[in-house]
Amino acid sequence: MKIGRPPVGNPGRTVVLRAGAPYGVRVRLGVHDLMNGTFATPRTFFYRRTLDDDAVEDSLRRTLAHYPLLTGRLVRDPDGGLAVACDDAGAVLSVAHSDRAMPDYGPDRPARHDLRRYIHPVNAFRVVGHDTPLLSVKVTHMRGGGSVLGVSINHAVVDGTGYLDFLQHWSRTHAGEETRAAPYDRALLGRLADGVRPAPDDPQYTVVTGRQKAGFLWKVNAGARKMRTLTVRFTAGEVLALRETARAGQDADRPPASSGDALGAHLWRVLGALRDREPGAEERLGIVVGLRTALKGSLPDGYWGNAVSNTTAVLPARELREEPLAHTVAAARAALDRVTPDRIRQEAAFLEAQRSAGRSGRVFSRMALDAFEGTVALNNSSRIPVYAVEFGAGRPFWFEFPANPIPWTVLITPTPDDDHSRDVHLSIPRDAADALQTPAWAGRLRHTSAR
(Lines give C-alpha, C1' and ligand atoms only; values in the text may rest on other atoms or scores of the structure.)
Protein backbone atom coordinates (compact mmCIF):
# COMPACT_ATOMS: atom_id res chain seq x y z
CA MET A 1 0.00 0.00 0.00
CA LYS A 2 1.36 3.42 -0.93
CA ILE A 3 1.50 5.98 1.80
CA GLY A 4 0.74 9.10 -0.07
CA ARG A 5 2.65 10.13 -3.12
CA PRO A 6 3.36 13.82 -2.50
CA PRO A 7 1.87 16.49 -4.73
CA VAL A 8 3.47 17.51 -8.01
CA GLY A 9 6.64 19.50 -7.40
CA ASN A 10 7.80 17.32 -4.49
CA PRO A 11 9.85 14.49 -6.00
CA GLY A 12 10.01 12.36 -2.84
CA ARG A 13 7.73 9.45 -2.00
CA THR A 14 7.48 6.61 0.49
CA VAL A 15 5.89 3.24 -0.16
CA VAL A 16 5.03 0.34 2.12
CA LEU A 17 5.76 -2.89 0.24
CA ARG A 18 3.98 -6.09 1.14
CA ALA A 19 4.52 -9.53 -0.29
CA GLY A 20 0.82 -10.06 -0.96
CA ALA A 21 -0.75 -11.84 1.99
CA PRO A 22 -0.11 -12.40 5.70
CA TYR A 23 1.76 -15.61 6.37
CA GLY A 24 0.44 -16.12 9.90
CA VAL A 25 3.72 -17.73 10.97
CA ARG A 26 5.80 -16.84 14.01
CA VAL A 27 9.51 -17.60 13.54
CA ARG A 28 11.38 -17.95 16.83
CA LEU A 29 14.85 -16.53 16.32
CA GLY A 30 17.86 -18.66 17.17
CA VAL A 31 20.45 -18.03 19.85
CA HIS A 32 22.99 -16.75 17.33
CA ASP A 33 20.38 -14.23 16.11
CA LEU A 34 20.05 -12.93 19.67
CA MET A 35 23.77 -12.08 19.90
CA ASN A 36 23.34 -9.08 17.56
CA GLY A 37 20.76 -7.00 19.38
CA THR A 38 17.91 -5.37 17.48
CA PHE A 39 19.73 -2.62 15.62
CA ALA A 40 19.53 -2.22 11.87
CA THR A 41 22.68 -2.59 9.77
CA PRO A 42 22.82 -0.14 6.84
CA ARG A 43 24.70 -0.68 3.59
CA THR A 44 24.98 1.86 0.78
CA PHE A 45 25.75 1.30 -2.91
CA PHE A 46 26.75 4.12 -5.24
CA TYR A 47 25.96 4.00 -8.98
CA ARG A 48 27.22 6.31 -11.72
CA ARG A 49 24.02 5.81 -13.71
CA THR A 50 20.52 6.59 -12.46
CA LEU A 51 18.37 3.76 -11.12
CA ASP A 52 14.81 3.31 -12.35
CA ASP A 53 13.05 3.54 -9.00
CA ASP A 54 9.73 2.19 -10.33
CA ALA A 55 11.50 -0.91 -11.65
CA VAL A 56 13.43 -1.23 -8.37
CA GLU A 57 10.15 -1.06 -6.45
CA ASP A 58 8.56 -3.74 -8.64
CA SER A 59 11.49 -6.18 -8.35
CA LEU A 60 11.75 -5.62 -4.59
CA ARG A 61 8.06 -6.36 -4.14
CA ARG A 62 8.45 -9.63 -6.05
CA THR A 63 11.60 -10.55 -4.10
CA LEU A 64 9.89 -10.06 -0.75
CA ALA A 65 7.55 -12.96 -1.53
CA HIS A 66 10.56 -15.20 -0.76
CA TYR A 67 11.50 -13.38 2.49
CA PRO A 68 8.52 -13.32 4.87
CA LEU A 69 10.71 -12.24 7.80
CA LEU A 70 11.52 -8.96 6.07
CA THR A 71 7.87 -7.87 5.95
CA GLY A 72 7.21 -9.06 9.52
CA ARG A 73 7.74 -7.45 12.92
CA LEU A 74 9.91 -8.33 15.92
CA VAL A 75 8.10 -9.54 19.03
CA ARG A 76 9.27 -10.73 22.45
CA ASP A 77 9.02 -14.35 23.58
CA PRO A 78 8.01 -15.21 27.18
CA ASP A 79 11.60 -16.29 28.02
CA GLY A 80 13.05 -12.99 26.83
CA GLY A 81 13.99 -14.29 23.39
CA LEU A 82 12.77 -12.84 20.11
CA ALA A 83 10.56 -13.96 17.26
CA VAL A 84 9.37 -12.49 13.98
CA ALA A 85 5.63 -12.35 13.46
CA CYS A 86 5.37 -12.91 9.70
CA ASP A 87 2.20 -10.84 9.32
CA ASP A 88 3.21 -9.04 6.10
CA ALA A 89 3.09 -5.66 7.84
CA GLY A 90 5.51 -4.49 5.17
CA ALA A 91 8.93 -3.17 4.29
CA VAL A 92 9.54 0.49 3.42
CA LEU A 93 10.89 1.98 0.20
CA SER A 94 11.50 5.71 -0.09
CA VAL A 95 12.69 7.75 -3.06
CA ALA A 96 14.41 11.12 -2.74
CA HIS A 97 16.16 13.61 -5.02
CA SER A 98 19.33 15.36 -3.92
CA ASP A 99 20.49 18.79 -5.04
CA ARG A 100 24.09 17.51 -4.84
CA ALA A 101 26.06 16.01 -7.69
CA MET A 102 27.39 12.52 -7.05
CA PRO A 103 30.61 12.86 -5.02
CA ASP A 104 33.61 10.85 -6.14
CA TYR A 105 33.47 8.46 -3.21
CA GLY A 106 36.18 5.88 -2.67
CA PRO A 107 38.86 4.82 -0.19
CA ASP A 108 40.35 8.31 -0.15
CA ARG A 109 36.93 9.96 0.10
CA PRO A 110 34.63 7.79 2.22
CA ALA A 111 30.91 8.50 2.34
CA ARG A 112 30.70 7.78 6.06
CA HIS A 113 29.73 11.31 7.10
CA ASP A 114 27.00 11.42 4.42
CA LEU A 115 25.35 8.06 5.14
CA ARG A 116 22.39 9.52 7.01
CA ARG A 117 21.36 11.23 3.77
CA TYR A 118 21.07 7.87 2.03
CA ILE A 119 19.36 5.70 4.67
CA HIS A 120 15.64 5.71 5.48
CA PRO A 121 15.46 6.53 9.22
CA VAL A 122 14.15 3.91 11.64
CA ASN A 123 13.82 4.40 15.40
CA ALA A 124 16.34 1.91 16.78
CA PHE A 125 14.81 2.08 20.25
CA ARG A 126 11.25 1.22 19.20
CA VAL A 127 11.64 -2.06 17.39
CA VAL A 128 10.47 -5.00 19.48
CA GLY A 129 6.69 -4.97 19.87
CA HIS A 130 6.31 -1.93 17.62
CA ASP A 131 5.26 -1.41 14.01
CA THR A 132 8.86 -0.89 12.93
CA PRO A 133 9.95 -2.35 9.59
CA LEU A 134 12.81 -4.84 9.56
CA LEU A 135 13.79 -3.77 6.04
CA SER A 136 13.96 -0.23 4.75
CA VAL A 137 15.29 0.85 1.37
CA LYS A 138 16.02 4.34 0.11
CA VAL A 139 16.86 5.38 -3.45
CA THR A 140 18.47 8.81 -3.73
CA HIS A 141 18.85 10.31 -7.19
CA MET A 142 21.74 12.75 -7.43
CA ARG A 143 21.74 15.99 -9.40
CA GLY A 144 23.17 15.42 -12.87
CA GLY A 145 22.82 11.63 -12.75
CA GLY A 146 23.67 8.67 -10.62
CA SER A 147 21.87 7.11 -7.68
CA VAL A 148 22.56 5.83 -4.19
CA LEU A 149 20.84 2.70 -2.91
CA GLY A 150 20.66 2.55 0.88
CA VAL A 151 19.49 -0.74 2.41
CA SER A 152 18.93 -1.28 6.11
CA ILE A 153 18.08 -4.70 7.60
CA ASN A 154 17.67 -5.52 11.27
CA HIS A 155 20.69 -7.56 12.35
CA ALA A 156 18.55 -9.87 14.48
CA VAL A 157 17.21 -11.57 11.36
CA VAL A 158 20.32 -12.03 9.21
CA ASP A 159 24.13 -11.82 9.11
CA GLY A 160 26.34 -10.27 6.44
CA THR A 161 26.34 -13.33 4.18
CA GLY A 162 22.56 -13.61 4.26
CA TYR A 163 22.27 -9.85 3.74
CA LEU A 164 24.16 -10.08 0.46
CA ASP A 165 22.30 -13.26 -0.52
CA PHE A 166 19.09 -11.25 -0.28
CA LEU A 167 20.53 -8.39 -2.34
CA GLN A 168 21.76 -10.80 -5.01
CA HIS A 169 18.38 -12.53 -5.06
CA TRP A 170 16.77 -9.12 -5.59
CA SER A 171 19.31 -8.29 -8.29
CA ARG A 172 18.57 -11.54 -10.14
CA THR A 173 14.82 -10.96 -9.85
CA HIS A 174 15.33 -7.47 -11.27
CA ALA A 175 17.19 -8.99 -14.23
CA GLY A 176 14.37 -11.46 -14.88
CA GLU A 177 16.29 -14.52 -13.74
CA GLU A 178 14.66 -17.46 -11.99
CA THR A 179 15.00 -17.41 -8.20
CA ARG A 180 13.92 -19.60 -5.31
CA ALA A 181 12.99 -18.98 -1.69
CA ALA A 182 15.77 -18.85 0.88
CA PRO A 183 15.57 -21.44 3.71
CA TYR A 184 15.14 -19.63 7.02
CA ASP A 185 13.99 -22.34 9.45
CA ARG A 186 15.83 -21.51 12.70
CA ALA A 187 15.27 -25.06 14.00
CA LEU A 188 18.04 -26.15 11.62
CA LEU A 189 20.58 -24.42 13.87
CA GLY A 190 18.61 -24.86 17.06
CA ARG A 191 18.77 -28.66 16.85
CA LEU A 192 22.56 -28.52 17.13
CA ALA A 193 22.26 -28.21 20.90
CA ASP A 194 20.01 -31.28 21.24
CA GLY A 195 21.57 -33.84 23.57
CA VAL A 196 24.53 -31.61 24.45
CA ARG A 197 25.01 -30.83 28.12
CA PRO A 198 25.77 -27.10 28.40
CA ALA A 199 29.06 -26.16 30.03
CA PRO A 200 28.99 -23.58 32.83
CA ASP A 201 31.28 -21.34 30.77
CA ASP A 202 32.23 -20.83 27.13
CA PRO A 203 35.57 -19.81 25.57
CA GLN A 204 33.99 -17.21 23.26
CA TYR A 205 30.93 -15.95 25.16
CA THR A 206 30.31 -14.90 28.74
CA VAL A 207 27.41 -13.65 30.85
CA VAL A 208 27.91 -10.19 32.35
CA THR A 209 26.05 -8.41 35.12
CA GLY A 210 23.71 -5.56 34.35
CA ARG A 211 26.30 -3.13 35.73
CA GLN A 212 29.05 -4.61 33.55
CA LYS A 213 26.84 -4.36 30.45
CA ALA A 214 26.02 -0.72 31.19
CA GLY A 215 29.68 0.02 31.84
CA PHE A 216 30.79 -1.49 28.55
CA LEU A 217 28.16 0.38 26.55
CA TRP A 218 29.07 3.62 28.31
CA LYS A 219 32.73 3.05 27.48
CA VAL A 220 31.93 2.45 23.80
CA ASN A 221 29.73 5.54 23.54
CA ALA A 222 32.13 7.76 25.48
CA GLY A 223 35.07 6.68 23.34
CA ALA A 224 33.27 6.96 20.00
CA ARG A 225 34.33 10.59 19.57
CA LYS A 226 37.96 9.57 19.88
CA MET A 227 37.66 6.90 17.21
CA ARG A 228 38.59 7.17 13.55
CA THR A 229 38.02 4.80 10.67
CA LEU A 230 40.72 4.65 8.00
CA THR A 231 40.19 2.93 4.68
CA VAL A 232 43.33 1.65 3.01
CA ARG A 233 43.25 -0.02 -0.40
CA PHE A 234 45.79 -2.81 -0.77
CA THR A 235 46.54 -3.51 -4.42
CA ALA A 236 46.46 -7.05 -5.75
CA GLY A 237 50.25 -6.95 -5.95
CA GLU A 238 50.57 -5.96 -2.29
CA VAL A 239 48.18 -8.70 -1.15
CA LEU A 240 49.92 -11.37 -3.23
CA ALA A 241 53.32 -10.23 -1.95
CA LEU A 242 52.11 -10.77 1.62
CA ARG A 243 50.84 -14.21 0.66
CA GLU A 244 54.20 -15.16 -0.82
CA THR A 245 56.01 -13.88 2.27
CA ALA A 246 53.78 -16.03 4.48
CA ARG A 247 54.18 -19.12 2.31
CA ALA A 248 57.94 -18.77 2.13
CA GLY A 249 58.21 -19.09 5.90
CA GLN A 250 55.78 -21.99 6.31
CA ASP A 251 56.65 -25.59 7.12
CA ALA A 252 56.26 -27.82 4.09
CA ASP A 253 53.58 -29.96 5.74
CA ARG A 254 51.17 -27.03 6.29
CA PRO A 255 48.50 -26.01 3.77
CA PRO A 256 49.70 -22.95 1.82
CA ALA A 257 48.62 -19.66 3.37
CA SER A 258 45.79 -17.94 1.54
CA SER A 259 45.83 -14.24 0.73
CA GLY A 260 43.20 -13.74 3.45
CA ASP A 261 45.38 -15.57 5.99
CA ALA A 262 48.38 -13.44 5.11
CA LEU A 263 46.61 -10.08 5.06
CA GLY A 264 44.78 -10.70 8.35
CA ALA A 265 47.92 -11.86 10.10
CA HIS A 266 49.89 -8.90 8.74
CA LEU A 267 47.31 -6.41 10.02
CA TRP A 268 47.35 -8.02 13.46
CA ARG A 269 51.16 -7.73 13.56
CA VAL A 270 51.12 -4.06 12.54
CA LEU A 271 48.46 -3.09 15.07
CA GLY A 272 50.25 -5.09 17.76
CA ALA A 273 53.48 -3.25 17.03
CA LEU A 274 51.63 0.07 17.03
CA ARG A 275 50.23 -0.58 20.52
CA ASP A 276 53.74 -1.58 21.71
CA ARG A 277 52.65 -3.48 24.81
CA GLU A 278 55.24 -5.12 27.05
CA PRO A 279 56.84 -8.27 25.50
CA GLY A 280 55.01 -10.80 27.68
CA ALA A 281 51.55 -9.27 27.24
CA GLU A 282 48.95 -11.53 25.70
CA GLU A 283 47.88 -10.28 22.28
CA ARG A 284 44.62 -11.69 20.92
CA LEU A 285 43.10 -11.74 17.46
CA GLY A 286 39.33 -12.23 17.58
CA ILE A 287 38.26 -13.60 14.21
CA VAL A 288 34.64 -13.36 13.06
CA VAL A 289 33.87 -16.71 11.49
CA GLY A 290 30.93 -17.94 9.43
CA LEU A 291 29.46 -21.26 10.50
CA ARG A 292 27.89 -22.31 7.20
CA THR A 293 31.03 -24.08 5.93
CA ALA A 294 31.60 -26.05 9.13
CA LEU A 295 27.89 -26.93 9.23
CA LYS A 296 27.43 -27.74 5.55
CA GLY A 297 26.09 -31.17 6.52
CA SER A 298 23.45 -29.59 8.78
CA LEU A 299 22.47 -26.37 7.00
CA PRO A 300 21.04 -26.12 3.47
CA ASP A 301 22.69 -23.98 0.82
CA GLY A 302 21.63 -20.38 1.18
CA TYR A 303 20.54 -20.68 4.81
CA TRP A 304 19.10 -17.27 5.68
CA GLY A 305 19.74 -16.16 9.23
CA ASN A 306 22.62 -15.44 11.58
CA ALA A 307 25.22 -18.20 11.35
CA VAL A 308 28.28 -16.37 12.65
CA SER A 309 30.48 -16.78 15.71
CA ASN A 310 34.11 -15.99 16.51
CA THR A 311 37.35 -17.64 17.51
CA THR A 312 40.50 -16.26 19.12
CA ALA A 313 44.19 -16.58 18.29
CA VAL A 314 46.70 -15.75 21.04
CA LEU A 315 50.40 -14.82 20.90
CA PRO A 316 52.76 -13.05 23.30
CA ALA A 317 53.39 -9.47 22.18
CA ARG A 318 57.07 -10.20 21.48
CA GLU A 319 56.27 -13.14 19.19
CA LEU A 320 53.61 -11.16 17.36
CA ARG A 321 56.05 -8.33 16.67
CA GLU A 322 59.26 -10.26 16.02
CA GLU A 323 58.50 -13.71 14.62
CA PRO A 324 57.99 -14.15 10.84
CA LEU A 325 54.61 -13.62 9.24
CA ALA A 326 54.21 -17.39 8.83
CA HIS A 327 54.28 -17.78 12.61
CA THR A 328 51.34 -15.38 12.98
CA VAL A 329 49.45 -17.11 10.17
CA ALA A 330 49.90 -20.47 11.94
CA ALA A 331 48.40 -19.05 15.17
CA ALA A 332 45.39 -17.65 13.31
CA ARG A 333 44.86 -20.89 11.35
CA ALA A 334 45.00 -22.92 14.57
CA ALA A 335 42.19 -20.76 15.98
CA LEU A 336 40.09 -21.24 12.84
CA ASP A 337 40.68 -24.99 12.91
CA ARG A 338 39.00 -25.09 16.31
CA VAL A 339 35.67 -24.09 14.73
CA THR A 340 34.35 -27.64 14.29
CA PRO A 341 30.78 -28.99 14.38
CA ASP A 342 31.40 -30.30 17.91
CA ARG A 343 32.64 -26.90 19.09
CA ILE A 344 29.61 -25.18 17.49
CA ARG A 345 27.25 -27.61 19.23
CA GLN A 346 28.86 -26.85 22.59
CA GLU A 347 28.54 -23.12 21.94
CA ALA A 348 24.90 -23.51 20.89
CA ALA A 349 24.14 -25.50 24.05
CA PHE A 350 25.69 -22.78 26.23
CA LEU A 351 23.71 -20.04 24.46
CA GLU A 352 20.48 -22.05 24.63
CA ALA A 353 20.97 -22.48 28.39
CA GLN A 354 21.33 -18.71 28.78
CA ARG A 355 18.15 -18.08 26.81
CA SER A 356 16.25 -20.63 28.91
CA ALA A 357 17.45 -18.79 32.01
CA GLY A 358 16.37 -15.42 30.59
CA ARG A 359 19.96 -14.16 30.32
CA SER A 360 20.36 -13.72 26.55
CA GLY A 361 20.44 -9.94 26.88
CA ARG A 362 23.53 -10.20 29.09
CA VAL A 363 25.55 -12.56 26.91
CA PHE A 364 28.54 -10.82 25.27
CA SER A 365 31.35 -12.12 23.15
CA ARG A 366 34.68 -12.00 24.95
CA MET A 367 36.13 -10.55 21.76
CA ALA A 368 33.96 -7.43 22.13
CA LEU A 369 34.46 -7.06 25.87
CA ASP A 370 38.24 -7.16 25.45
CA ALA A 371 38.29 -4.50 22.72
CA PHE A 372 39.82 -1.95 25.08
CA GLU A 373 42.59 -4.30 26.23
CA GLY A 374 44.52 -6.76 24.09
CA THR A 375 42.16 -7.87 21.30
CA VAL A 376 42.08 -6.88 17.65
CA ALA A 377 38.78 -7.97 16.05
CA LEU A 378 39.04 -9.11 12.42
CA ASN A 379 36.11 -9.57 10.03
CA ASN A 380 37.31 -10.68 6.62
CA SER A 381 34.33 -10.16 4.29
CA SER A 382 36.41 -10.07 1.13
CA ARG A 383 34.50 -12.98 -0.45
CA ILE A 384 31.10 -11.32 -0.10
CA PRO A 385 30.37 -9.94 -3.61
CA VAL A 386 29.15 -6.46 -2.69
CA TYR A 387 30.00 -5.05 -6.11
CA ALA A 388 27.82 -7.58 -7.95
CA VAL A 389 24.60 -5.91 -6.76
CA GLU A 390 23.12 -4.55 -10.02
CA PHE A 391 19.72 -3.07 -10.84
CA GLY A 392 19.96 -2.17 -14.51
CA ALA A 393 22.38 0.72 -14.01
CA GLY A 394 25.67 -1.18 -13.99
CA ARG A 395 27.77 -2.19 -11.03
CA PRO A 396 28.24 0.17 -8.08
CA PHE A 397 31.50 2.10 -8.11
CA TRP A 398 31.61 2.26 -4.28
CA PHE A 399 30.09 0.49 -1.30
CA GLU A 400 30.00 1.72 2.28
CA PHE A 401 28.80 0.89 5.78
CA PRO A 402 28.73 2.86 9.05
CA ALA A 403 31.85 3.29 11.17
CA ASN A 404 32.37 0.81 14.00
CA PRO A 405 32.49 2.53 17.43
CA ILE A 406 34.35 -0.39 19.04
CA PRO A 407 38.14 0.18 18.92
CA TRP A 408 40.72 -2.03 17.23
CA THR A 409 38.33 -3.55 14.72
CA VAL A 410 39.30 -4.46 11.18
CA LEU A 411 36.94 -5.11 8.28
CA ILE A 412 38.27 -6.39 4.95
CA THR A 413 36.08 -6.00 1.87
CA PRO A 414 36.57 -6.56 -1.87
CA THR A 415 37.16 -3.73 -4.30
CA PRO A 416 35.26 -2.89 -7.49
CA ASP A 417 37.94 -4.68 -9.53
CA ASP A 418 37.01 -8.08 -8.04
CA ASP A 419 40.64 -9.22 -8.03
CA HIS A 420 43.05 -9.84 -5.15
CA SER A 421 42.98 -6.17 -4.15
CA ARG A 422 41.27 -5.42 -0.85
CA ASP A 423 39.87 -2.44 1.02
CA VAL A 424 40.88 -2.55 4.68
CA HIS A 425 38.77 -0.50 7.09
CA LEU A 426 40.49 0.15 10.41
CA SER A 427 38.42 1.51 13.32
CA ILE A 428 41.05 2.60 15.83
CA PRO A 429 41.72 5.37 18.39
CA ARG A 430 42.56 8.75 16.92
CA ASP A 431 46.20 8.75 18.01
CA ALA A 432 46.76 5.33 16.41
CA ALA A 433 45.11 6.56 13.19
CA ASP A 434 47.38 9.60 13.15
CA ALA A 435 50.43 7.38 13.58
CA LEU A 436 49.40 5.09 10.71
CA GLN A 437 49.35 8.08 8.38
CA THR A 438 53.00 8.96 9.02
CA PRO A 439 55.42 7.75 6.30
CA ALA A 440 57.12 5.14 8.50
CA TRP A 441 53.92 3.47 9.71
CA ALA A 442 52.13 3.84 6.38
CA GLY A 443 55.01 1.99 4.71
CA ARG A 444 54.89 -0.71 7.35
CA LEU A 445 51.14 -1.08 6.96
CA ARG A 446 51.40 -1.38 3.19
CA HIS A 447 54.26 -3.89 3.60
CA THR A 448 56.47 -1.68 1.42
CA SER A 449 59.06 -1.36 4.17
CA ALA A 450 59.37 -5.15 4.39
CA ARG A 451 60.18 -5.77 0.74
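A polar contact is taken here as a pair of N or O atoms within 3.5 Å; within protein, one atom must be able to donate a hydrogen and the other to accept it, and residues adjacent in sequence count only if both atoms are side-chain atoms. The structure is a predicted model, in which local features need pLDDT of at least 70, side-chain atom pairs count only at pLDDT 80 or more, and totals for chains, interfaces and linings use all residues. Residues are numbered from 1 along each chain as its sequence is written, and side-chain values use heavy atoms, with hydrogens and water left out.

Ser98 belongs to strand β6; strands (E, at least two residues) and helices (H or I, at least four residues) are DSSP runs numbered from the N terminus. With contact meaning heavy atoms within 4.5 Å, Ser98 touches Thr140, His141, Met142 and Arg143, when neighbours within four places in sequence are left aside.

Arg112 is placed in the loop between β6 and α3 (115-118). Arg112 counts as buried because its relative accessibility is 15%; buried means under 20% relative accessible area, exposed over 50%, and partly exposed in between (1.4 Å probe, protein chains only). Not counting residues up to four places away in sequence, Arg112 is in contact with Thr229, Thr231, Glu400, Phe401, Pro402, Ala403 and His425. Gly20, in the loop between β1 and β2 (25-28), is exposed, with a relative accessible area of 68%. The C-alpha atoms of Gly20 and Leu299 are 28 Å apart in space, and the two residues are 279 residues apart in sequence.

Two helices were examined along their length. The expected span of a helix is 1.5 Å times one less than its number of residues. Helix α2 (residues 53-64) has 12 residues and reaches 16 Å from its first C-alpha to its last, close to the 16 Å expected. Its N-terminal end is capped by Asp52, with a side-chain oxygen 3.1 Å from the backbone nitrogen of Asp54. Asp53, Val56, Glu57, Ser59, Leu60, Thr63 and Leu64 are the buried residues of α2, and they pack against β1 (13-17), β6 (91-101), β7 (135-143) and α4.

In α4, the end C-alpha atoms are 21 Å apart, which agrees with the 21 Å that its 15 residues should span. Asp159 caps the N-terminal end of α4 through a side-chain oxygen that lies 3.3 Å from the backbone nitrogen of Thr161. The buried residues of α4 include Phe166, Leu167 and Trp170; the buried residues of this helix pack against β3 (40-47), α2, β7 and β8 (147-154). Just after α4, Gly176 takes a positive phi of about 85°.

In soluble globular proteins, nonpolar side chains tend to be buried together. A nonpolar core is defined as a set of buried Ala, Val, Leu, Ile, Met, Phe, Trp, Tyr and Cys residues joined through side-chain atoms within 4.5 Å. The largest such core has 57 residues, and those with the most contacts inside it are Leu135, Leu149, Phe166 and Trp170. Helix α4 (residues 160-174) gives the most to this core, with 5 residues. Beyond its neighbours within four places in sequence, Leu135 is in contact with residues including Leu60, Leu64, Val151 and Phe166. A second, separate core of 40 residues includes Ala265, Val329, Trp408 and Ala435.

An open sheet of mixed pairing is formed by 6 strands in the order β10-β17-β16-β14-β11-β12. Its edge strands, β10 (227-234) and β12 (308-316), each pair on one side only. Neighbouring strands of this sheet are turned by 20° against each other on average, direction ignored. Axes are lines fitted to C-alpha atoms, for helices over the stretch in contact, and angles run from 0 to 180 degrees between N-to-C directions. Helix α10 (residues 325-337) packs on the sheet, touching β11 and β12, and its direction makes about 145° with that of β12.

Two strands pair if DSSP finds at least two bridges between them. Strands β11 (residues 282-290) and β14 (residues 375-380) run parallel and are joined by 4 bridges. Leu285 has Val376 of β14 as its bridge partner, and Gly286 stands opposite Ala377 in β14. The pairing of β11 with β12 is antiparallel, over 9 bridges, and Glu282 stands opposite Pro316 in β12.
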